[in-house]
Amino acid sequence: MRLVTPLSDKDVRSLRVGDGATLSGRAFTARDEAHMRALDMSRRGEPLPFELKDMAVYHCGPIVEKDGEGWKVVAAGPTTSSRMNDLEPEFIERFRPRAIIGKGGMSAGTIGACKRFGCVYLAFTGGAAVVAAKGIRGVAGVHWLDLGMPEAVWELELDDLGPLIVAIDTEGRSMYDDVGKRVDANVKRLKESL
Amino acid sequence: MDRAELVEETVVRLMRTAVTTLPEDVIAGLHKALQLETEEVARVQLRTIIDNVEKAESADVPMCQDTGVPIFFVSGECSHEIEEGIMNGVARATKEIPLRPNVVDPISRHNTGTNIGAGMPNIHYEQAKGDFVEITFMPKGAGSENMSVLRMLNPTSGTKGIKETVIDAVVSAGGRPCPPSIVGVGIGGTADSAMLLAKKAIIRPLGRSSDDPDVAKLERELKEMLNATGIGPMGLGGRTTTLGVMIEKADCHTASLPVAVNIQCWAARRASARIYPDDRVRFRTEGFQ
Ligand code: SF4
């Protein structure tokens with residue numbers, strides 16, 4: 001499935017856990033620090049310098065190189081999403097992105113927010129930074145560079161970023177929970193055999 | 001070229017090699033994992049990883065954006081020149097390759113921008129192995145390092161306790177350290193040395209088991225168990241959670257049983273060099289032993 005931002009509620013609600021996809025269009029990188037700053041500003045009623053509505057948020061701290069006046073992405077794989085577990089539900093509620101790209105999955109709060117506000121979590125192979133960079137056509141801008149290169153918000157133009165897998169859908173299902181249940185059963189058996 | 005400059009050149013090359021190419025044994029491990037997986041989601045993850053490794057090598061760019069914090073093992077010399085050469089090498093490699101500047105103050109979170117800071121790079125000095133200086137570089141990403149576990153077990157817990165500790169560490173890490181991973185285990189010593197043993201363990205090439213037959217057996221059993229958990233590549237399910245379990249041990253207090261787990265992601269980057277007395281330098285990614 002080829003997804004292109006801006007995404008509609010209908011677009012994402014048709015996706016199911018396990019579906020393969022690529023993503024094109026505008027996406028914004030955001031890690032812990034950017035999440036915190038965005039939430040702080042929004043709670044104080046200040047507008048963000050970028051618009052996340054119907055866009056994709058990418059849990060990623062890229063390596064970016066100065067390229068003349070602009071920037072070039074050298075490597076840009078996903079970072080561990082669970083670090084944003086406590087921040088993401090409110091983040092989704094306030095800014096209404098339609099897709100979150102990351103690795104490792106997220107907890108119940110985010111799964112709930114995805115269901116409520118129409119957002120999906122797309123798993124991208126961790127560390128696959130060069131494959132990712134091939135799916136990034138350019139850097140449209142950068143915000144909050146004072147947070148440092150990895151933590152800044154990079155505004156990326158995606159061109160079939162992927163392969164992505166729908167790992168949390170709008171039905172409250174998470175592939176990580178499905179796997180987790182099987183793992184728990186296996187581990188119980190393994191430990192009994194010790 | 002003076003000593004510090006020679007070390008600097010060596011370090012820059014070590015770092016470039018390590019972050020852009022995976023050692024042969026790790027590549028072979030990933031291909032083997034792909035053969036073992038039947039589920040499409042798991043296969044997609046492994047194919048993407050292998051494709052990514054090939055692309056990084058041919059484009060001469062870092063295979064993962066998290067180029068980690070710089071960790072060095074140095075044997076044969078502990079001197080100001082080594083220290084200076086490593087510092088300058090790290091700063092230069094960070095700019096030239098480029099690497100992501102990851103090193104920050106732990107409290108203020110201020111990023112130095114150079115990957116150099118207090119206690120960073122992390123340099124471990126070891127005993128000489130011959131008439132040469134050996135430098136091993138291993139970048140360590142946070143995704144895997146954050147999953148580290150130390151347990152001070154009751155000695156009566158024995159192998160069962162050791163196995164439980166490793167299984168618990170890998171299961172609670174799930175997909176976060178980018179599996180299939182290499183699991184380093186340090187058994188014995190003291191709290192600090194157990195963790196260092198675990199870290200040294202992940203430098204050992206895949207396929208080379210412990211010289212101690214009992215430890216080698218434990219490595220095999222643990223690998224089998226971890227792969228039976230079903231966590232799979234990226235935690236999305238599958239048969240290959242780990243490419244290998246490496247155990248290092250040291251003797252310990254009669255009343256202790258420290259067990260440390262240090263996980264390395266599929267991007268198990270490492271490179272070693274030997275500097276000989278005549279300034280000749282030899283490079284290897286699979287280690288020298
Ligand atoms: S865990 Fe390893 S492969 Fe994954 S993002 Fe971190 S450094 Fe890269």
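Predicted model: local features only at pLDDT ≥ 70, side-chain atom pairs only at ≥ 80, totals over all residues.
Residues are numbered from 1 along each chain as its sequence is written, and side-chain values use heavy atoms, with hydrogens and water left out.

On the chain B side, Gln65(B), Arg100(B) and Leu236(B) lose the most area to chain A, together 19% of what that side buries. In terms of contact (heavy atoms within 4.5 Å), 42 residues of chain B meet 40 residues of chain A.

Now for the charges. The interface has 1 salt bridge, meaning a side-chain nitrogen of Lys or Arg within 4 Å of a carboxyl oxygen of Asp or Glu. Look for Lys191(A) and Asp168(B), whose side chains meet in a salt bridge at 2.5 Å, N to O.

Next, the rings. Searching the whole structure turns up 7 aromatic pairs over all chains; rings of Phe, Tyr and Trp (its six-membered ring) pair if their centres lie within 6.5 Å, and planes under 30 degrees apart count as stacked, over 60 as edge-to-face and the rest as tilted. Phe91(A) and Phe95(A) have ring centres 4.8 Å apart and planes at 65°, so this pair is edge-to-face. Both Phe91(A) and Phe95(A) are buried, that is, under 20% relative accessible area (1.4 Å probe, protein chains only).

Terms used
Chains lettered and ligands numbered in written order. Buried area = accessible area lost by both parts, 1.4 Å probe. Buried < 20%, exposed > 50% of the residue type's maximum accessible area, 1.4 Å probe, protein only.
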